[in-house]
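Welcome! Try each one before reading its solution.

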There are 2 protein chains.
Amino acid sequence: MSSTTALSGYRDKRAALILRDRSLRRENLRVKALTLNEIKADEILRRIRADEEATIWKEEHPSIPHPFPGMEFLTGKSIIVRTKIFEILSKMPKGALLHAHLDAMVNAEFLLKLALKYPAFHVRIHQPLTVANLPTNLPEFRALSEDLFTHSASLTDSGYAIGTWVPIRNARQSFNAEFGGPEGFDRWVLAAMTINPAEAYGTHKTVAKIWQKFASTFITSDGLIHFQPLFAEYMRVFFLTAIEDGISYIETRINFLRKFMVGADGRENVPHREWLLMFDRVQSEVKMKMKIDGREDAFIGAKIIYSTIRFITPEELEWYLEDCIALKKEFPHLIAGFDLVGDENALKPLIYYIEPLLHFRERQKDEGVDIPFLFHAGETLGDGTDADVNLYDAILLGTKRIGHGFSLIKHPELVKICRERGIAVEVCPISNEILRLTSSMPMHPLPALMNNGVPVALCSDDPAVFGNMGLTFDYYQVFVSSEVCGLSTLGGLARDSIEFSTLNNEEKRQAIAGWERRWRDYVDYIAGLV
Amino acid sequence: MSSTTALSGYRDKRAALILRDRSLRRENLRVKALTLNEIKADEILRRIRADEEATIWKEEHPSIPHPFPGMEFLTGKSIIVRTKIFEILSKMPKGALLHAHLDAMVNAEFLLKLALKYPAFHVRIHQPLTVANLPTNLPEFRALSEDLFTHSASLTDSGYAIGTWVPIRNARQSFNAEFGGPEGFDRWVLAAMTINPAEAYGTHKTVAKIWQKFASTFITSDGLIHFQPLFAEYMRVFFLTAIEDGISYIETRINFLRKFMVGADGRENVPHREWLLMFDRVQSEVKMKMKIDGREDAFIGAKIIYSTIRFITPEELEWYLEDCIALKKEFPHLIAGFDLVGDENALKPLIYYIEPLLHFRERQKDEGVDIPFLFHAGETLGDGTDADVNLYDAILLGTKRIGHGFSLIKHPELVKICRERGIAVEVCPISNEILRLTSSMPMHPLPALMNNGVPVALCSDDPAVFGNMGLTFDYYQVFVSSEVCGLSTLGGLARDSIEFSTLNNEEKRQAIAGWERRWRDYVDYIAGLV
């Protein structure tokens, strides 16, 4: 055999092996042959990515140690937003957002601005503020009934009686200059509702520690969000900003742990069905608005994944499951599924709830409803721990998708089941990184899942806390961390987010047709760059 | 179906699924049924691990941010050595060490002490030392021929002429008090030959940056190690310390890039075959010593993986391949295989050398020798980059094992090939972490590889630079980062290190029999704890 023949034989075997190794990737399913425009757009995207890796990502910055594509999001964000790739991805039609906790979907700054419009909102603290304890002395917010309104002038005056409610506007206006005055108040509140780089990469640099901070952000924002007059506006802003980021359909997890929201009268008396009525009204209004604007493809609606927290007892869970069934019967088009949320490493595993969860299936049959499980599972670094083992239970219980599934790649049998049964993983790259499951995107198991043919939907999880509003940031981190990832990968991920939603077949067909129309325009836009 | 029946049916299915998911783990192959003592020893190990996780690993230390089992090695080491698990693992018979670069196998402090015995050693610097540039102003060492010996008194006197050789003992003795005197000299030299936590986790916290520091440590130690009189002693210390750590067989990579070592006469005139003669003599002496001590099982010998660096040209590689063949013909019992080493992310990919590497197979046939490839491949965070793609070439070229294979888990077809053809991965947990492929052991892909039935040998890579002397530290990091990992996992890994060595079948049979004898004693020792 001549050396040339041997060489060409080698190159053929090599190309075939690479093809075979990547043959399970789901982007292969979407299109058999790329159009000329798609090929051109892919080349343009790859060229810009390579250029930016060699230029903007090579600059050293005093405030950003060690920049690289896919780096720690909270420090890299200011570079990301300067890139052309980010600009291009922000215009991408992204399909569905399938893993998004309603309590963290509106920019924290905007939430605070919204709250300042309502005289009902009051704030208090439980120990005197000092410059030193400002980051840990968290504000507690509540909308009060008029009879409980106070005229307290300030949180920071020496006369402030600890634990007393102060009208939020007074508190802001009179916030002591020592703490930065009204802008200092804003910074204090925002810091309590978000995670900053010093926390994620310094003081709270382990999964356990950052979860403490993470959980505290929800406690702070809870009192602002769960006030009926604000809630509707909050949802509207969520839908509208998502649409502007190219998201056309949403399945959001709502935490129904608290049985009543605070009503316009300041009393905790708004039951879950009223929450759904509001949700339904707001999404209808937004759909109508899109229709009027001639942008029907831009928003096909939103559904709710009923969630409660995995620290309740199995007996308490029975109540929530019945509540979920009742809501599904009244609002069959709104309830998309059921989930249990919270830190898997610290709270109860699925097996702890096995009796009510098995019973739930029987009860659905009795009631003639179908409420798929959409469980969080494997959001952990553990190997063989309760949180990791949750993956077995999620799958045995028939989960339709897996929230996070960060440790799924460790489990060959479960990877196979997910691929074969079409159980999609809701992958939240930026959330995983900030919550310290991975140090940066290049360390994330996503490429391994994709090469194994596991269906994936990219998700933002809790963007109000992380700062990754929309889906563009998560797509960015994925796209710049892999040379395998190209335009078809992006398209495949977006399409799969619709494919693995809980929409019925006819809804899916329409949603995908709408998305394909927008995708073609998007490809044309990229192909027209240069 | 009653709820109890449903529940018990569920639990059966769950146990079966977990079993199936873990069925590919290679530890299942070693023993079908555990002895009572093995069961007891496993329980004891797991209990101590859990106790230490809840106690020693929960203490906060001013100098160790965020301790946890499997944490960053350079900061966690001082906790590790205080644990009972470490003490127990240090006594474990570890089988073979299959991935170890000879240039980094002897404690740097000991190497410096050795060097100080030889008047031939001189040192110089290329810019004046200052307190500020001490960490980056690296010493250059060389053993000189007597005619070039100098009487220079000091590196740090104002009279020092930059670039002049100073006898190492003079340089040490006269090292300026401003830089810490003689102990300051030791610290300066050791810092140049090792990676410290401030570098790995601070100033050099990316793969690219830490590789710069990593590479510089070899440049510094090179002049000390490659001096024939010291080289023999160096290898003896390497073998003896490995044996004391429970390693009974070694395949070490020797970098043959430089064609001659410095001889006792201070001239660079010792060719490769002399290196092998020394290697052979030292290992025979050590084997003899063990035999005399009645510890024959403790050391069955050492072989060499011929290596050169992946920055040479394909033409230059032809020379090394022929050199390797010549050495194999003269020392068939010493040459175990061939490899190309160096930073895969920065240097040439395997495909660059494809012609000489394909030709090498033909040449081996001509010469009637068998020299397996034992390639480094996939030591990278890249996805689809040259370094990642090296995995395809390594496997197509028929590599017998894979060095690192950090990105292997991304490749389902390659994982399957490794499992089916028995291509073992030389996994170097601590090296991967310090060189910033993973931030800590719980993020490492090892559990995924093991659950996929890929054969694994744990290795230390470059312990003189990382501080993970022996194999105990690497076993420690693996053992405390996984609840799935138990005594049989440890035994399976150790046994596989022999199984996937290049020993022939008869040698393997004997080596494994010897290891099994020691393993039984080890199990008895653990079972006798409490």
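**Exercise 1.** Which residues of chain A does the UniProt annotation "domain: Adenosine deaminase" cover?

Solution. The annotation, from an unreviewed UniProt entry, covers residues 211-510 of chain A. UniProt positions are given in the numbering used here, feature names are shortened, and annotations may be inferred rather than shown by experiment. Next, look at the span itself: its end C-alpha atoms lie 39 Å apart, and 49% of the span is helix and 16% strand. Helices (H or I, at least four residues) and strands (E, at least two) are DSSP runs, numbered from the N terminus.

Before going on, note that this is a predicted model, where local features need pLDDT of at least 70, side-chain atom pairs count only at pLDDT 80 or more, and totals for chains, interfaces and linings use all residues. Residues are numbered from 1 along each chain as its sequence is written, chains are lettered from A and ligands numbered from 1 in the order in which they are written, and side-chain values use heavy atoms, with hydrogens and water left out.

**Exercise 2.** Find Tyr201(A): is this residue buried or exposed?

Solution. Start with helix 9 of chain A (residues 197-203), where Tyr201(A) lies. The relative accessible area of Tyr201(A) is 17%, so this residue is buried (under 20%; exposed is over 50%, partly exposed in between, with a 1.4 Å probe and protein chains only). Then look at its contacts (heavy atoms within 4.5 Å): leaving out residues up to four places away in sequence, Tyr201(A) touches several residues, including Phe73(A), Leu74(A) and Glu433(A). Leu74(A) is 127 residues from Tyr201(A) in sequence, yet their C-alpha atoms are 9.0 Å apart.

**Exercise 3.** How many disulfides are there over all chains?

Solution. Take the rule of two cysteine sulfur atoms within 2.5 Å. The count over all chains is 0. For Cys428(A), the nearest cysteine sulfur belongs to Cys459(A), 4.9 Å away. Cys428(A) is also buried, because its relative accessible area is 0%.

**Exercise 4.** How many salt bridges are there between chain A and chain B?

Solution. First, see the extent of the contact: 57 residues of chain A meet 57 residues of chain B. Now search for a side-chain nitrogen of Lys or Arg within 4 Å of a carboxyl oxygen of Asp or Glu. The count between the two chains is 6 salt bridges. One of them pairs Arg14(A) with Asp393(B), whose closest N and O atoms are 2.7 Å apart. Finally, helix 1 of chain A gives the largest share of the side that touches chain B, with 11 residues.
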